[in-house]
Amino acid sequence: MRRPLTSMILRTYETDAQFHDARFTSKLNVKRSPLGGDFGRVRSSGTQNHQGWDLSAASGAPVFAITDGTIEWTHIYTGNSEGNPYGNQVCLRTNLARHATGQPLWAFYAHLLTITVCPRQAVREGDLIGFVGNSGNAEKTPSHLHFEIRSSGARHLGKGLLYRLNPGEVLGYGYLICS
Ligand SMILES: [Zn+2]
């Protein structure tokens, strides 16, 4: 399996500062939610869900397919962050399966700058699928990759944690570089 980014750093107040741009004001409010880039009920003092990992990266950093698979669907952002909070999106049907049930798993990539794959396209592990950006509701934050592991290939899964798995439980927490 390949990492989705070359460098895997969970987004924090410090990484936002590292990628700081005077135009940006972080919405993460990590002083109240220091683990806001992690998976789970980590936002707004533990009252809001985050469905994946936020991984800090420079705008334009390459994003990769984590396994061989098929592009389930893509979404091209048209500028309505309320209707399309995830911005430019790619959903990859991976060749991974849930241990307990054998059901397939999907990798979901969001807030991309641009996408380099098409729906139903077959990809190999490590193929370029797009570039890191801050499209959608990340427009006022530093660039980062929002990355999810899903147990459904449907487009709209809601704001809860339904059909989302902790990426660390699937990929291994060793994928993260602690800075
Ligand atoms: Zn996120």
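Apart from neighbours within four places in sequence, Val63 is in contact with Pro4, Leu5, Tyr109, Leu112, Ile129, Gly130, Phe131, Val132 and Leu145; contact means that the C-beta atoms of two residues, placed from the backbone, lie within 7 Å. The model is predicted: local features need pLDDT of at least 70, side-chain atom pairs count only at pLDDT 80 or more, and totals for chains, interfaces and linings use all residues. Residue numbers start from 1 along each chain as its sequence is written.

**Nonpolar core**

- Val63 also belongs to the largest nonpolar core, which has 31 residues. Such a core is a set of buried Ala, Val, Leu, Ile, Met, Phe, Trp, Tyr and Cys residues joined through C-beta atoms within 7 Å.
- The members that touch the most others are Leu55, Val63, Val90, Leu92, Tyr109, Leu112 and Leu145.
- Two or more residues of this core come from each of S3, strand S6 (88-97), S7, strand S9 (128-132) and S10. Strands are DSSP runs (E, at least two residues), numbered from the N terminus, as are helices (H or I, at least four).
- S7 gives the largest share of the core, eight residues.

- In strand S10 (residues 144-150), seven of seven residues are buried. A residue is buried if 20 or more other C-beta atoms lie within 10 Å of its own, exposed if 12 or fewer, and partly exposed in between, with C-beta atoms placed from the backbone.
- His144, His146, Glu148 and Arg150 point one way from S10, while Leu145, Phe147 and Ile149 point the other way.
- S10 runs antiparallel to strand S3 (residues 53-56), with four bridges between them; two strands pair if DSSP finds at least two bridges between them. In this pairing, Trp53 is opposite Phe147 of S10.
- S7 and S10 are also antiparallel and are joined by five bridges. Phe108 is opposite Glu148 of S10.
- Strand S11 (residues 164-165) pairs with S10 in the antiparallel sense over two bridges, and Leu165 of S11 stands opposite Ile149.

**Positive phi angles**

- His111, in strand S7 (residues 104-115), has a positive phi of about 65° although it is not a glycine. His111 counts as buried because it has 25 C-beta neighbours inside 10 Å.
- Arg120, also not a glycine, has a positive phi near 75°. Arg120 lies in the loop between S7 and strand S8 (122-123), and it is exposed because 11 other C-beta atoms lie within 10 Å.
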